[in-house]
Amino acid sequence: MLLMPKRDWQWGYNETHGVLTVSLGSDMEFLSPFKLKSLIPDAKITTEFSVEHAKFYIALVDRLQKTLSLNDALIVQIALNATAAHFLLKPQMPKSWFFDVSHECVYSDIGKIFQLRTTEHSVSAMVIESGLQASLVMILSQECRLTETKKLAQFETIKVMHNRLAPLTVEKKVNVA
């Protein structure tokens, strides 16, 4: 069952878990992976899940349903995390050097899914903010190993130049379990 935004949805910060949350009514709370250090100051204050947030979330849910064959719970999880990242994360500088240059020109668009390739592997990532030269992407794969000691977990974000975004290949399945 897909969750659709309601008037009582609101953003908050869960001190116990140390992450941004979305209260989905009186008895349900969604925990995002985003910790305080990566959030804008307003994220620590309880605020409404605005009409702008709802439009972004619904557009992502629609696009994800058409793009990926995932269960509804996972689509909701991806869309809520992407909405949180789009509106409540601090701006990031590009860190493109972790990824190989793509040899194909792509058009970056919010909700579009790409591959990011390193010398060892490739991961799936979804664009959540698109600029003139770089995009903020959210990792959809289980993890993205950047170096021997540094890795990104599923749903973490990184900003990369557009020339690092590689189109998904036909045989490539998005692994988001």
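**How the calls on this fold are made**

Modeller: Along the sequence, this predicted model runs β-β-β-β-α-α-β-β-β-β-β-β-β, where helices (H or I, at least four residues) and strands (E, at least two) are DSSP runs numbered from the N terminus. Residues are numbered from 1 along each chain as its sequence is written. Local features need pLDDT of at least 70, side-chain atom pairs count only at pLDDT 80 or more, and totals for chains, interfaces and linings use all residues, while side-chain values use heavy atoms, without hydrogens and water.

Biologist: Which residues touch the most other members of the largest nonpolar core?

Modeller: Y57 and M126, in a core of 38 residues. Such a core is a set of buried (under 20% relative accessible area, 1.4 Å probe, protein chains only) Ala, Val, Leu, Ile, Met, Phe, Trp, Tyr and Cys residues joined through side-chain atoms within 4.5 Å. Helix α2 gives the most to this core, eleven residues.

Biologist: What is Y57 in contact with, beyond its neighbours within four places in sequence?

Modeller: Contact means heavy atoms within 4.5 Å, and the partners of Y57 include W9, F49, V76 and L80.

Biologist: And how many residues count as buried?

Modeller: Of the 177, 46% do.

Technical notes: Buried means under 20% relative accessible area, exposed over 50%, partly exposed in between (1.4 Å probe, protein chains only).
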